[in-house]
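Hi,

Here is the structure I promised to pass on. Have a look first, and my notes follow below.

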Amino acid sequence: MLKTVNRVVLGLLGLVLLVLGGSVLAIGLGASPPSWWVHDGKRDVLLSDADRERWRDDGWFWPTVIGVLAVCVLLALWWLSAQLRRRRLAEVLVETGDGEGALLRGRALENVLAGEAESLEGVQRAAVSLTGRRNAPEARVSLLLEPHATPGEALHRLSAEALAHARDSAGLAKLPAVVQLRAVKHRAERVS
């Protein structure tokens, strides 16, 4: 979701800046602007004295401008914080039974879980990422199934074997997972 929002926002912002910059450059080089455009020619400024003072006496104009700019700043700060937030879990808290606990690297658990998922029958490739909190991780698993694999059986074996082993070895009460199943592209088999 975040990747899609990033691409759309950056694409639209880039398109707007390209159109505005290109039009100002074209007018600066001598192209004739349309009648509704903000620039009239090479020597024109973006915001003239008359334009700046036009709504000075109206009580709604400056609060509206400040409100719109404040919303833009808040949206930009939200976007920046979403970019800086970690998406993957760096470490998992493992209960050792003595009240202390130990930290397990998230990448290590991801690699072991992916390796065990790839060893299941009918799974060609597996990718795992851990999200959530370190004492309550969640797994996102993507399985690439071989042509002869049964999706239901692959999902059952993943939850009964690989996810159960990861949950038990980390001492977690539960390890919820979102699993995405895809099949390998292959040619149709000839039937005689």
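Let's start with helix H5, whose buried residues are Ala154, Leu158, Ala162, Leu163, Ala164, Ala166 and Ala170 (buried means under 20% relative accessible area, exposed over 50%, partly exposed in between, with a 1.4 Å probe and protein chains only). Bear in mind that this is a predicted model: local features need pLDDT of at least 70, side-chain atom pairs count only at pLDDT 80 or more, and totals for chains, interfaces and linings use all residues. Numbering runs from 1 along each chain as its sequence is written, and side-chain values use heavy atoms, with hydrogens and water left out.

The cover over those buried H5 residues includes strand S1 (91-94), helix H4 (106-118), S4 and S5. Helices (H or I, at least four residues) and strands (E, at least two) are DSSP runs, numbered from the N terminus.

Just after H5, Gly171 has a positive phi of about 70 degrees.

As for the strands, S4 and S5 (residues 177-183) pair in parallel over seven bridges (pairing takes at least two DSSP bridges). Leu143 has Leu181 in S5 as its bridge partner. Ser142 sits in S4 (residues 136-145) and is buried at 17% relative accessible area.

Cheers

Key. Contact = heavy atoms within 4.5 Å.
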